[in-house]
Amino acid sequence: MTDDKYFYIEREREDASGVYLMSLMVAMAGLPLPIINLFAMLIYFASTIKKATYFVKFHLYQALISQVFIAVFNSFAAGFIIDIIFFDGTLTNLKLSYIITVGLLNLVELIGNVIAAVQVRKGVFYKFFFFGEFVQLLIGKNE
Amino acid sequence: MNKVIIQFAILMAVIAVVFIGIYSIGIIQDEDGALFSIQQEKKLGKLIADEILTEADVIEDETINAYCDSINKIVIAGLDTQKFEYKIFLVNSPQINAISLPGGNIIVYTGLLEFAKTPEEYASVLAHELGHSENRDVLSSIVKNFGIALLVSAATGNGNVGELAQSILSNTFNRKQEANADEFAFKVLARIGVRTKHFASFFKRLERNNRMDENMEIMYTHPVNKKRIEAANKFKVPKNFKEKKLLQTDWDTVKAELPKY
């Protein structure tokens, strides 16, 4: 006989950490385009959110919202890069500084996703700075 | 709710501080928006020019150089502002071409002088090359074509300057850069009393003579199209324009001094 509670918690951990792993996989597969990364996250979100427990729902929302946040910044950076490479735009100090800042932001997000994937897989309720609080504001706290 | 707002404000503040910090370092200091400052380009240009000219057959004949220098000085005097101290090297080669190197160094091949019917045609091409230099096209084009790693490694002495130098010899500019260099040249020519019809006639003749000839290097690095020739013909000289003759000596006499290959 399987211990249903143990199985359920294990399944929760897999589903919740999976969303962070999805982000990493898409980045490693060489798909840095912001819209594609976001699209992949949305698909995973849509397929997993139904019948998700609070633990899973929280991490799905946290990963998705943080991804949307980064995507906004990435979109401008991608626009600058495309303009410079394909449309002979001028690379100014402002644009380069922005691109580097966004690069650092993506690096922080990547590291955050790795840590989150590991912690959540252990069953830890892992909150990102700001995004964790924001998600709890959206979906409420698990009382 | 308050906690969320405060954390959001802190997050945005941190991002802003990082951005301002990177911006204040001033990685790009040049007002042209170039990745390298003028000083850096001059240093890199010297390295590259030394590398290329070591293996080139540089003309040292005083007579030819004197003729060319007299034209070069007039054209350079037509610059509105001057970013570099220009050094123009005459290289013995059948190639009909002139190449802008970084840092104000320009190579003119004797093949170009032979192909030019008048000193004004030569001046037109030189003015065009000066346009590329003044517009900082050279380095930006190299970065786009060959990547910044090659430039940085050459500049820091860690890389192969030879590899970079060879890359530059086949470097091409995009249409916008070519059009801007043309426009620049027209203005310079107007200032020194040369009509742009000489620019048009040179490139029209070049296009007519276009054959798969190894000497026609200029065609591959400077794509000719009707729009460029039309632009030259349409350019209106200023009201105070006075046509001048660039060289008192007959151009064929100058060409006769050129060495044979």
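Reader: Let's start with charge at the interface. How many salt bridges are counted between chain A and chain B?

Author: In this predicted model, the count between the two chains is one salt bridge. The side chains of A:Glu133 and B:Lys3 form this salt bridge, at 3.3 Å from N to O.

Reader: Which elements of chain A give two or more residues to the side that touches chain B?

Author: Look at helix H3 (54–86), helix H4 (93–121) and helix H5 (131–139) of chain A. The largest share comes from H4(A), with nine residues. Sorted by class, this side of chain A has 16 nonpolar, five polar and two charged residues.

Reader: And what area is buried between chain A and chain B?

Author: About 2,100 Å², and carbon and sulfur atoms give 75% of that area. In residues, 23 of chain A are in contact with 22 of chain B. Polar contacts join three residue pairs across this interface, both residues of each at pLDDT 80 or more.

Reader: Now the sheet, please. What is the strand order in chain B?

Author: The general idea is that strands of a sheet pair through backbone hydrogen bonds, either parallel or antiparallel. Here the sheet is open, has three strands in the order S1-S3-S2 (chain B), and shows mixed pairing. Its edge strands are S1 (87–91) and S2 (98–101) of chain B, each pairing on one side only.

Reader: In which sense do S1(B) and S3(B) pair?

Author: They run parallel, over five bridges, with S3 of chain B spanning residues 105–109. For an example, find B:Val91, whose bridge partner in S3(B) is B:Tyr109. Helix H2 (residues 38–54) of chain B packs on the sheet and touches S1, S2 and S3 of chain B.

Key:
Residues numbered from 1 in each chain as written. Chains lettered and ligands numbered in written order. Predicted model: local features only at pLDDT ≥ 70, side-chain atom pairs only at ≥ 80, totals over all residues. Heavy atoms only, no water. Contact = heavy atoms within 4.5 Å. Buried area = accessible area lost by both parts, 1.4 Å probe. Salt bridge = Lys/Arg side-chain N within 4 Å of Asp/Glu carboxyl O. Polar contact = N/O pair within 3.5 Å; in protein donor to acceptor, adjacent residues only side chain to side chain. Helix = DSSP H or I, 4+ residues; strand = E, 2+ residues; numbered from the N terminus. Nonpolar A, V, L, I, M, F, W, Y, C, P; charged D, E, K, R; others polar. Pairing = 2+ DSSP bridges. Axes fitted to C-alpha atoms, helices over the stretch in contact; angles between N-to-C directions.
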